[in-house]
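The points may be read in order beside the display.

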Amino acid sequence: MRRKAVMTLAVGAVAALALVGCTTDPTVTGPGASTTPATTGAAAESSTAPSTPSTEWFDQAVYDEQFAQRSVTPEGPADKPYLQHINAEMVSTAKYKSTGAKKACFANASISNPWRQTGWITMNEQLKELQKSGAISEMETRDAKDSDDTQIADIDYFINEGECDVFIISPNSTAAMTPAVERACKTDKPVIVFDRGVQTDCPVTFIHPIGGFAWGIDTAEFLNDNLQSGDKVVALRILPGVDVLEQRWAAAEKLFKESGVEAVDYFTGADPVEIKKIISDELAKGEVKGIWMDAGDGAVAAIEAFEDAGKALPVMTGEDELSFLRKWKDTGITALGPVYSNFQWRTPLLAAADIFAGKDVPKEWVLPQSPITSADLDSYLTANDGMPDGHYAKFGGEDLPGYPQIWQKRVIP
Amino acid sequence: MNVIRTLLSPRGAVFLLLAGLLIAVTVISPSFAEPGQLIRFIQRVAPIAIVAIGQYFVIVGGEFDLSMGSLITAQVVIAGNLIGQDAGRIFPVLALMLVLGVLVGLVNGLLVTLLKVPSFIVTLGMMLALLGGVMYWTGGAATGNPVDSFRQLGRGGIRGVPVIEILPYSVLVMAAVLAAAIWLTRTSFGRTVIALGDNPRAVRYAGARSWWVTTSTFVISALTATISGILLVGYAGVHPKVGQGYEFIAITAVVLGGVVLGGGRGWVVAAMAGAFALEALFTLLNFAEVPSTLRDGIQGVIIIAAVAYSASPLGGAKRKAAPPAPPQTSPPDGKEPVAPAHLGS
């Protein structure tokens, strides 16, 4: 009987190792690929090696650039962060100058998470404003539901339809969407890309907050400042393979290593049940001093795991999601709320209006991205009173007419 | 000798797997075996164990329930949005949740039995409908957690208990559900469910109201999902992700417990043990510091290996050397997708 059980386990182990080779291969890109499967396999055996090889996501030049951009004072109106820009190289849009209300065509990656939903609501309120002022006649939107194929078809549909005056594209993924964006550019209509990028500079403007490395730097520096070498940090990550999320972790992991803070990472799918189990297991194993998150969704469950285990609450970085900000206030923990500026959802339509007005716009429109600190926590909580837990504090729609009811009721168009 | 045989049979293999996983976890982290830690482990398995028990009744009766996860999500969001911070609303909302649970089960069951739509399709549709309803209602983000007193059920427990420190309420709820389930399997209803999974035609000839028995299994399953949702909203809080994938976890747990897909054979306690084994596996991967990218893969492989073992001829089939050949000549009964599956059992 024992032999059979042992054999079953052996079969499982062999199959597991076989799977290692399969699962890592497709995700590995660039140099160093050949060594990766071997190292991950070894890690499974010895269970001591660091997890996910994040080197493939780490880009020193981009890291340095974002590191510097964090301390640049942005140009533009101080009370309108969604119109500010950092280190911008302005380009002329005179050739697109034209009068009358224009039709915008929006190829959206998805509205499958609270961050995108909040932004989508804000974008539609901005649309109403521009319709009133006569800049935009209508916006036709196609939702790719997180699928590259669908989004390519969506963009081609817009091109073939031939009725779009401006293309607004929020790419589902970087490499796969590049050819479709290039086809849109060839129509000689202005193309605006925001959030995730593409590998071509043909769009008139590419709008995004500073980026994932800046997030990783802000958060890891905060934890490093408040913890000591040898302290344990649990890193809660949503899912692997998404560049904006991987870059956050790549930067943080680098800084943790440099400071000697011991960080272990998990994928949670943003499910609070998973998060709570993970933290409970870690607390059962030993002391946890810090929590790092690549997105704040589910942050409350992490804090509750400490409460239920009767352990001292951690130093923590979450996001500007209200559930986290409220729990932060209630518990008085040492925390930081990094942002992936949600107000960027306002900028593309405003950029379209600028382009048709013939105003210069930044070629790369880098929006400010400054974390919420304990100093301004209260003001953000007050400003967002009555908003649902999944709302993002830096949504930037306070001066739009639907504020605050539209966001409070979370009416998704 | 008999014990060894039972342990090696599909019915018993899950207990062997569970014991092996628990020992492995304890070796890596000895504190896991402390009573206080162990009871916390049972607390967090409780919601999964409860849905596994519900799914057991549906599967052993020859059907599937894929709508459990979405129903949990719906119940969690209902609790968060309707109870809110008002403790006075706990009981009316709780009643509403139970009514919704029964309703979902009835609709699933009646569509399967009266309209003869395969349960796979019916409950898949229900899963999407419930998920879509939640999305529409909440705009993807629930208002917030319900009042803390309501959440105590999943989060808290009786404090000051000797040895284990705290006896979580969810452990008590799970014990009650298990007791009810064992009692049910021993009633004539329970036997009819198994007979239905084995040979629906014979059951109908025997004069049983098979449509009502099958419908009842869906109601049981929906009620366990509701109970699980109540515990989960306490344990983790409100989030549209809570409950997602639970239908597959429940099915995996049941199959791991040696219950035959297609119905007709299985033990409810083993199904629950399957849920414990799955969670123990998850814990083992956490404790062993397996790289995060590898976890799902290893989990999948171990599950496949275990299920393959349960289904292999090494296990039970040898003992039940020559099961009476199922009536292969009997005409289809309107549920072909399910019927062929148990021909080999």
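1. Two strands are taken to pair if DSSP finds at least two bridges between them. Helices (H or I, at least four residues) and strands (E, at least two) are DSSP runs, numbered from the N terminus. In chain A, strand 9 (residues 290-293) and strand 10 (residues 315-317) run parallel and are joined by three bridges. Within this pair, A:Trp292 has A:Thr317 of strand 10 as its bridge partner.

2. The model is predicted: local features need pLDDT of at least 70, side-chain atom pairs count only at pLDDT 80 or more, and totals for chains, interfaces and linings use all residues. Residues are numbered from 1 along each chain as its sequence is written, while chains are lettered from A and ligands numbered from 1 in the order in which they are written.

3. Chain A contains 14 helices and 13 strands. Of its 413 residues, 49% are buried (a residue is buried if 20 or more other C-beta atoms lie within 10 Å of its own, exposed if 12 or fewer, and partly exposed in between, with C-beta atoms placed from the backbone). Two residues are in contact if their C-beta atoms, placed from the backbone, lie within 7 Å. Among the contacts in chain A between residues at least 6 apart in sequence, 74% join residues at least 24 apart.

4. Seven bridges link strand 2 (residues 102-108) to strand 3, and A:Cys105 has A:Glu140 of strand 3 as its bridge partner.

5. How is chain A divided into domains? The assignment, which is automatic or from a database, gives domain 1 (73-211 + 341-370) and domain 2 (212-339 + 372-394). The centres of the two domains, taken over C-alpha atoms, are separated by 30 Å. Eleven residues of domain 1 are in contact with 13 residues of domain 2. Helix 4 (residues 114-132) supplies three residues, the largest share of the domain 1 side.

6. In chain B, helix 9 (residues 188-198) and helix 11 (residues 210-235) pack at about 100 degrees, with their axes 10 Å apart. The two helices are therefore roughly perpendicular (angles under 35 degrees count as roughly parallel, over 145 as roughly antiparallel, 65 to 115 as roughly perpendicular and the rest as oblique). B:Phe189, B:Thr192, B:Val193 and B:Leu196 of helix 9 meet B:Ser210, B:Val213, B:Thr214 and B:Thr217 of helix 11.

7. Ten of the eleven residues of helix 12 (residues 246-256) of chain B are buried, so this helix is largely enclosed by the rest of the structure. Among the buried residues are B:Glu247 and B:Thr252. Just after helix 12, B:Gly258 adopts a positive phi of about 85 degrees.

Terms used
Axes are lines fitted to C-alpha atoms, for helices over the stretch in contact, and angles run from 0 to 180 degrees between N-to-C directions.
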